[in-house]
Amino acid sequence: MKTCLVVDDSRVIRKVARRILEDIGFEIAEASDGLEALAWCRAAMPDAVLLDWNMPVMSGIEFLKVLRGEPGGERPTVVFCTVENDVERIREALDNGADEYIMKPFDGDIIAAKFAEAGLV
């Protein structure tokens, strides 16, 4: 079973994303900020990361930059899931190694489609 690390400071968003991703066949781990996510990745690199941008401690973009430099950090498919809709922000995420970009609010169809586009399902 593929694993997905859901990284968001909102417990509600993590819970909704967990349900959707479990329904499409993922095992889920959760982190509430980038630093916690980095610890997860160092312990067991996931197949995918669903990543929020704006979080305390370490933002999503900071996490992504560090992740891509970690041993095995090029492997996970990273899908940003955020309210950030500025073209420059999207470009920054993609330039730093994000594979896909989802706008909040999202639903199961959107996540399933983006994960399919990324080759995860």
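**A loop residue and its surroundings**

Modeller: Start at Val 57, which lies in the loop between strand 3 (48-51) and helix 3. Keep in mind that this is a predicted model. The backbone at Val 57 deserves a look: phi is near 70°, a positive value in a residue that is not glycine. Most residues other than glycine have a negative phi. Is Val 57 buried or exposed? Its relative accessibility is 63%, and the cut-off for exposed is over 50%, so Val 57 counts as exposed.

Which residues make the contact? Helix 2 supplies Gly 34, Ala 37, Leu 38, Cys 41 and Arg 42. Helix 3 supplies Phe 63, Val 66 and Leu 67. By type, the contact holds 6 nonpolar residues, 1 polar and 1 charged.

The peptide bond from Lys 104 to Pro 105 is cis, with omega near -5°. Most peptide bonds are trans. Pro 105 is in the loop between strand 5 and helix 5 (108-117).

Strand 5 covers residues 100-103, and Glu 100 belongs to it. Relative accessibility there is 15%, and under 20% is the cut-off, so Glu 100 counts as buried. What does Glu 100 touch beyond four places in sequence? Its contacts are Val 78, Val 79, Phe 80, Leu 94, Lys 114, Glu 117 and Ala 118.

Step back to the whole chain. The protein has 5 helices and 5 strands. From the N terminus, the order is β-α-β-α-β-α-β-α-β-α. The radius of gyration is 13 Å, close to the 14 Å of the globule rule for 121 residues, so the protein is as compact as a globular protein of that length. Along the principal axes, the C-alpha atoms fill a box of roughly 35 × 30 × 25 Å. Of the 121 residues, 45% are buried; Glu 100 counts as buried, while Val 57 counts as exposed. Among contacts with a separation of 6 or more, 60% join residues 24 or more positions apart.

Definitions and conventions
Residues numbered from 1 in each chain as written. Predicted model: local features only at pLDDT ≥ 70, side-chain atom pairs only at ≥ 80, totals over all residues. Heavy atoms only, no water. Contact = heavy atoms within 4.5 Å. Helix = DSSP H or I, 4+ residues; strand = E, 2+ residues; numbered from the N terminus. Nonpolar A, V, L, I, M, F, W, Y, C, P; charged D, E, K, R; others polar. Rg over C-alpha atoms; globule rule 2.2 N^0.38 Å. Buried < 20%, exposed > 50% of the residue type's maximum accessible area, 1.4 Å probe, protein only.
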